[in-house]
Amino acid sequence: MSNWQQRESYLTDIAERCLRGHKSFDLRRSHLVEASQISKGTIYNHFPSEADLVVAVATAHYRKRLERAAIDDAQYSDYLTRFLMHHCWGLRDDLLYDRFIISRVMPNPELLELVTDDNRAAFEQIYGEYIQWNNELIKSVGVVEGFNRAELVANYLRGALINCDDAGKAYDDACLYYQFSYALAQLMGHSNKRIPKQPEYASWLAQLEPAANAA
């Protein structure tokens, strides 16, 4: 990784931390100067516009989701369980760290028109790979005709993440993840397949707790 990439990764990490607890993307490039202790000129070189900052943060978010997807590929052999647990992990991560829900602002075709070619290309590549991973997994679980299952699931995920954030849901509520997974399985057309039960989510949360305490 080049110094430029390392610095941009550092800046997007700082931006993500600054946005925790926010319901709108109200962070500006100038805010990063004090937060990062990096000069204004350097920050503006990385993010030539406010739109570039938004898109760069979104790119970093989906890159981390792809990294988690690789872990889930190795951890869960059952396709449906893999899909459900991946998105349960994402929901827990957002709630536990009070992260800004990036789907409030992205993807946004109008915003992408305002950014540099490099930032647009980076986002489109990472986001495209993540959507492809989701869609291929939905196909692997089994296509059920009648509806565009990928679109139904994507719309539900966006709404559920925003609603859980707005409602201040507890990250350690096993019932939340069971209900979340139940809704996903229904939308995928696989209500007849077994999904993890509520006690299994409680065990899963307990196993993740040491990592949360260390973070």
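1. Where does Arg99 lie? Arg99 sits in the loop between helix H5 (79-96) and helix H6 (109-112). Helices here are DSSP runs of H or I with at least four residues, strands are E runs of at least two, and numbering starts at the N terminus. Arg99 is buried, at 17% relative accessible area. Buried means under 20% relative accessible area, exposed means over 50%, and partly exposed covers the range in between (1.4 Å probe, protein chains only).

2. On the basis of the model: this is a prediction, in which local features need pLDDT of at least 70 and side-chain atom pairs count only at pLDDT 80 or more, while totals for chains, interfaces and linings use all residues. Residues are numbered from 1 along each chain as its sequence is written, and side-chain values use heavy atoms, with hydrogens and water left out.

3. Surroundings of Arg99. Leaving aside neighbours within four places in sequence, Arg99 is in contact with Glu16, Arg20, Asp93, Asp94 and Asp165. Contact means heavy atoms within 4.5 Å.

4. Asp94 is found in helix H5. Asp94 is buried, with a relative accessible area of 4%. Not counting residues up to four places away in sequence, Asp94 touches His61, Arg65, Arg99, Ile101 and Leu161. For a distance check, take Asp94 and Ile43: they are 51 residues apart in sequence, and their C-alpha atoms are 26 Å apart in space.

5. Backbone in the H5-H6 loop. Most residues other than glycine have a negative phi, and most peptide bonds are trans. Asp98 is found in the loop between H5 and H6. Phi of Asp98 is positive, near 50°, and the residue is not glycine. Asp98 counts as partly exposed, at 36% relative accessibility. Pro107 also has its place in the loop between H5 and H6. The peptide bond from Met106 to Pro107 is cis, with omega near 5°.

6. Another positive phi. Gln37 is found in the loop between H2 and helix H3 (40-46). Its phi is near 60°, a positive value in a residue other than glycine. Is Gln37 buried or exposed? Gln37 is exposed, with a relative accessible area of 66%.

7. H1 against H2. Helix H1 (residues 3-18) and helix H2 (residues 29-36) pack at about 100°, with axes 10 Å apart. Axes are lines fitted to C-alpha atoms, for helices over the stretch in contact, and angles run from 0 to 180 degrees between N-to-C directions. H1 and H2 are therefore roughly perpendicular to each other. On that scale, under 35 degrees is roughly parallel, over 145 roughly antiparallel, 65 to 115 roughly perpendicular, and the rest oblique. H1 contributes Tyr10, Leu11, Ile14, Ala15 and Cys18 to the contact, and H2 contributes Leu32, Ala35 and Ser36. These residues divide into seven nonpolar, one polar and no charged. Ala, Val, Leu, Ile, Met, Phe, Trp, Tyr, Cys and Pro count as nonpolar; Asp, Glu, Lys and Arg as charged; the others, Gly among them, as polar.

8. H5 against H7. The axes of H5 and helix H7 (residues 117-141) come within 8 Å and cross at roughly 145°. The crossing of H5 past H7 is left-handed: the near helix is turned anticlockwise from the far one by less than a right angle, whereas clockwise would be right-handed. From H5, the contact uses Tyr79, Leu80, Arg82, Phe83, His86 and His87. From H7 come Tyr130, Trp133, Asn134, Leu137, Ile138, Ser140 and Val141.

9. The core. Which residues touch the most other members of the largest nonpolar core? Tyr177 and Trp204 do, in a core of 61 residues. A nonpolar core is a set of buried Ala, Val, Leu, Ile, Met, Phe, Trp, Tyr and Cys residues joined through side-chain atoms within 4.5 Å. The elements giving two or more residues include H1, helix H4 (50-75), helix H8 (149-167) and helix H10 (198-214). H4 gives the most, with 10 residues. Tyr177 touches Cys88, Leu91, Arg92, Leu95, Tyr171, Tyr201, Trp204 and Leu205, not counting residues up to four places away in sequence.

10. Ser181 lies in helix H9 (residues 174-188) and is buried, at 0% relative accessible area. Beyond four places in sequence, Ser181 is in contact with Leu84, Cys88, Ile195 and Tyr201. Ala174 has its place in helix H9 and counts as buried, at 11% relative accessibility. The C-alpha atoms of Ala174 and Leu205 are separated by 7.4 Å.
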